[in-house]
Amino acid sequence: MKTLKKRQDTTQVTAPEALKGTDKPIDTKRLPVDSQTGQPLPPRAQPGYYPGFSTLSQQTYWDGATRKTVLARVHNVPPIRFFTPDEARLMQAICDRIIPQDDRDEAHKISVLNYIDNRLYNRQIDGYRFEDMPPDHEAHRLGLQAIDAIAQFLYHQPFIDLGPLEQDTVLKSIHDGSPPAAHAIWEKMSVSRFWMLLVQDVVDAYYAHPYAWDEVGFGGPAYPRGYMRLENGKPEPWEVDERRYGWQAPATALSDTYEPIGAEAPGHHVQTPGQEGSH
Amino acid sequence: METPILGPFEEPEDHHHWLGPIQKIDTLMRRFKPGEEVDFVIVGVGSAGGVLLQRLARAGFRVVGFEAGPFWDTERDWVSDEAGSSKLYWNDLRITGGPDPITLGANNSGKGVGGGSVHWAGFTPRFHPSDFRVYTEDGVGTDWPLPYEDLKPYYELLEREIPVSGPAYYPWGDPHGYPYGQHPLGGVGDVLIKGCTKLGIRVVAGGPVAINEGSHGDRPHCIYRGFCIQGCKVGAKQSTLVSHVPDAIRHGAEIRDNCMVARINVNDRGRVTGVTYFDPDGNETEQRAKVVIVSGYAIETPRLLLNSACPGFENGLANSSGTVGKYLMVQIGNVVLGRFPDLVRMYKAPPAHALTEEFYETDPRHDFARGFAIQTVGPLPIAFAKQMMVAKGAWGWGMRRVMMDYNHWSALGVLGEILPWEDNRVELAEETDQFGLRVAKITFRLHDNDKKVTQFGVKKTTEVMYAAGAEEVVQEPRYAHLVGGARMGSDPSASVTDKYGRTHDIPNLFICDGSVLPTQGSANPGLTIQSLAARTADYLIANGAALLSSHPERVLDSAPPIRYNLSPPGTFWHGMPTFKTRSKARKQAARARSR
Amino acid sequence: MALTRPVGTLKKLQKTKIAVLAAGKNNQFSQGELLPRKLTREGVVFEQHIREGRFQRSLSLIAAFSSLLSGLDVLFEHYKGSFSQPIMYTPIILSPLLVIAGIWGVFSRWAARTVLPIVSLITMLDGMIGFIFHFRGIARKPGGWRLPVFNIIMGPPLFAPLLFGISGFLGLVASLLRREDDPAHRLLPGIPRPRSAWLSLLPHSITREGVVLERDVREGRFQRGLALATALSALFSGFESLYSHYKNNFTYKIEWTPILLTPAVMIAGFGAAVNRTIARTLLPLTSAMALVSGTIGFFFHVRGILRRPGGIKKPLYNMMYGPPVFAPLLFAATGFLGVLASLLRRAK
């Protein structure tokens, strides 16, 4: 008779206070700039082209189960339990480059790190592992080591001490498929698959949040009230028309360009992780 | 804050098991006694398993369905949220490799009663008659052991039971109409229609999809919320959970949910005697049955057969041909995304609502066999971000920028046919899962023909996108669906089951799910899987006496009648009358006979 | 039909006309003086017919046409609803029956007195049953009546069955009228028709009321009734245009016109039931505007269909899912009814 092993609770590691400082000074070099004036745009509660749009304002129209889940996501951010404090700091810095949130004010920043940590802590996976990749939690740890090794190789400093431009350079080398260091790690792990794992985890956490839905103009949960205006991009009565504004990424960023993953890596053809959202 | 009348919507406070806003399970589920032998055990209550369960229960047999996932209460368990819906998918470990590895998990394999039909987007085209004769006609792939005409009555039957909404005249393959009308278009459908009509490509709007256009009993009309792949809380999109399982329960079937079947047990006379499974508390238990039907889908079915290896069946059950796990197929699923100057808002309306099969059949002018379909898809933000990560190489501020533009983008999916290749296979890895069972390892490679189909399909779809007015078009490589791995065939040395899903090696072991498909066309396999299940059910019922006896190898009726009286209630008096069409092949055969 | 009257009576008519003018009750003839004589002669006779209730054949034809329009509308809508309940076939069956009954009533007195009222009554009953089903259908949508705006827009169109029933109402009224070619001396006003013996079974008060009502209708004195029908018809079709145009987010400003005209026609219609002056002024004015608005709307809707993706290349799909072509025509029909009502006499 076999019984399932019950999960053992490891000791929890709480998030270092420095990660959530409310009176951190704003580094204007990290802010996006207005296209016309060239001035940095101050952080705001809701970036994006849908000012005044709020999916959370419609929560009474959602069914009970959905409302509970989404509100828990907003209010009950899980503590850091998988990453060590140093790893957490490094991972936070990386997440801040993969999805920068400098244009959001402190009260509306989305906790990405905690959700990645939660998934890795619970060993939740997406139902598959590539044969040239270690399990996700190992892959992330190896990735953190590799990123720090690249930072040391290029700039002789740990990643968290680098400026945004240097940090982007480190990460871009992985995106392009030609990291200049940590080759022992890349023997165990495909470069582009690690990159996709990393970005995928960050966007999973960011675009699951209602603030991100407001930013992109996504309608949010829709049960029991569905949609009535299906064509021509018309807004529902509670949705908002688009109001675009021109902005450029800060000069300290390398990520506002579009180049294929692994462009520098010979022979590797990229493939999307997963079938979600399609046929 | 504004609220609906009478306040916010809350979870139901009663003890009923809900399957939608109105539909619920209204009968107490029968429970067989521990140790009691039943007639049929179905492993996996998914698309095929649900239909089989309903048919066998209605015919009066004692049947238990095992499902590794939960028996969903849609009001309480499902959320209208992309990130919160991962529990619908089979997220347990599988290793994937090969030169062009496939991905699994989200939207690929389902877990829970309803299986893949819970998360499918709902496209339900039929296979074409040519799909059943690919080897004879095009010299590639293999032939089915049955012709299209044998499956056609079941297509018609399932299209009524589901019901399928679609155009009154569907021109491709074997032309036919649908019992429910077409759906209104969303932004993506408009793009497909605009692009195709501009280029003179035939296209159908509003179907065929397994989504109600109009109510169906206790299942309301679709509310166009676009969360199909996250599970339809309305019950408008069909899953066997809402269409067949309630009727099965009403007729005395039992479903044991959260029970993972570990092994199929075989006696020394080479007959299955039942299954061994882990109950929800993790205790290993045995259930004896006279017949076992495996409906675990393309990965779990071969995995179970291989994991059930025992003396006499050292290579796994039903594997004398060596083809268990082989000839695995996914379809080419590249998504072509286009940015439009006006807003599209592709998150509204079901992702599946328009398609064209104009390029389905082999075109002799090309240097490849078979073809593809173009379908609408409607990725929600997280999925779209991942698509942009690959299609545009987006990250950082570039990702933020393209995501702020989400409402300007539209996505069309290519659905291309990959042929069955022996080296695309499922095997057992050394690693084990939480139950101590060896996990599946999948190896996959694209062959020349597949790559040519992909290239041409992406090219055509890009043309359609530009014709519809897109100013920027990108694409990302992807796969869709998953069939094969225990294919049917008339030659026992090259297949696992016969044309009814009965394994060649073991007379009371059946396989009935997507793994039996020998080829796949460029049609979504869902309808075909459910139709094959209804057909297998008729065979099982007609031969029930023999199968349940001590000599199950004696089959008396190899051409069983089609049972229309076993459909769920209300099947025939909802919807529109459809006119019977005779396929070209049948007309030719009739003409040949009359000569 | 007007020309079947012998010319000699025309002089008598003109005398009556002058007398009526003098009485100051009707000042609509003054404009007619400006038109060509032939037209005015036709118009005068036609109007006389209406005022005397002598237009069974015309109204029967109008009922048939109205039933054709609403029947086609129902066909499209119930096809879109996929006939998910078998009862959805009933209006599809009844509509051609009413069309046939109406046309038959044009040619046959007997049909106009038997077949037409029976089919019309069944149609009205079907409309009321449909309304109940549509109400229930909205309740059975997710959220039900707790999401009234959303579910009225996306659910079964609430008042459409009642609009369908209006054509039955018209047919019923038509069955009670006199025909255009009835000889003048037949069935003098003031004398009730011979009645069926069955009706003597009903209580006397009902039969007495029924006799009075019937005589009023037959003599053309049912302006109030038809004005009420106009108001209700405006309500039903205007409400549909309200939520349909709201669903379209009032993309084109002209979509507001039926929304603004509907309360005007309703006030005119209900007002005409209580006040004679409104019946002769506001009612024809607003109704004529509704008639024009509906006709213009029809052309806009056709344009909208052609502008849809695929345009003329997907004719059936775009007709079904584009702007509904019959809806503005039904709004125009409401206007027509109102104009007709304004020409009638009132009950004593």
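Author: Axes here are lines fitted to C-alpha atoms, for helices over the stretch in contact, and angles run from 0 to 180 degrees between N-to-C directions. Two packed helices are described by the angle between their axes and the distance between the axes. In this predicted model, helix α11 (residues 223–247) of chain C packs against helix α16 (residues 326–342) of chain C at an angle of about 160°, and their axes lie 9 Å apart. Because angles over 145 degrees count as roughly antiparallel, α11(C) is roughly antiparallel to α16(C).

Reader: In which hand does α11(C) cross α16(C), and what residue classes make up the contact of α11(C) with α16(C)?

Author: The crossing of α11(C) past α16(C) is left-handed. Among the residues making the contact are C:A227, C:A234 and C:G238 of α11(C), together with C:L330, C:F331 and C:G338 of α16(C). By class, this contact has 10 nonpolar, eight polar and one charged residues.

Reader: How many residues of chain C are in contact with chain B, and which helices of chain C supply at least two residues each to that side?

Author: On chain C, 21 residues are in contact with 29 residues of chain B. Helices α4 (56–80), α8 (148–154) and α15 (315–321) of chain C each supply at least two residues of the side that touches chain B, and that side comprises 10 nonpolar, five polar and six charged residues.

Reader: What radius of gyration does chain A have, beside that of a compact globule?

Author: For 279 residues a compact globule would have a radius of gyration near 19 Å, and chain A, with 20 Å, agrees with this. Buried residues make up 49% of chain A.

Methods:
Residues are numbered from 1 along each chain as its sequence is written. Chains are lettered from A and ligands numbered from 1 in the order in which they are written. This is a predicted model: local features need pLDDT of at least 70, side-chain atom pairs count only at pLDDT 80 or more; totals for chains, interfaces and linings use all residues. Two residues are in contact if their C-beta atoms, placed from the backbone, lie within 7 Å. Helices (H or I, at least four residues) and strands (E, at least two) are DSSP runs, numbered from the N terminus. Ala, Val, Leu, Ile, Met, Phe, Trp, Tyr, Cys and Pro count as nonpolar, Asp, Glu, Lys and Arg as charged, and the others, Gly among them, as polar. Angles under 35 degrees count as roughly parallel, over 145 as roughly antiparallel, 65 to 115 as roughly perpendicular and the rest as oblique. A crossing is left-handed if the near helix is turned anticlockwise from the far one by less than a right angle, and right-handed if clockwise. The radius of gyration is taken over C-alpha atoms; the globule rule is 2.2 Å times the number of residues to the power 0.38. A residue is buried if 20 or more other C-beta atoms lie within 10 Å of its own, exposed if 12 or fewer, and partly exposed in between; C-beta atoms are placed from the backbone.
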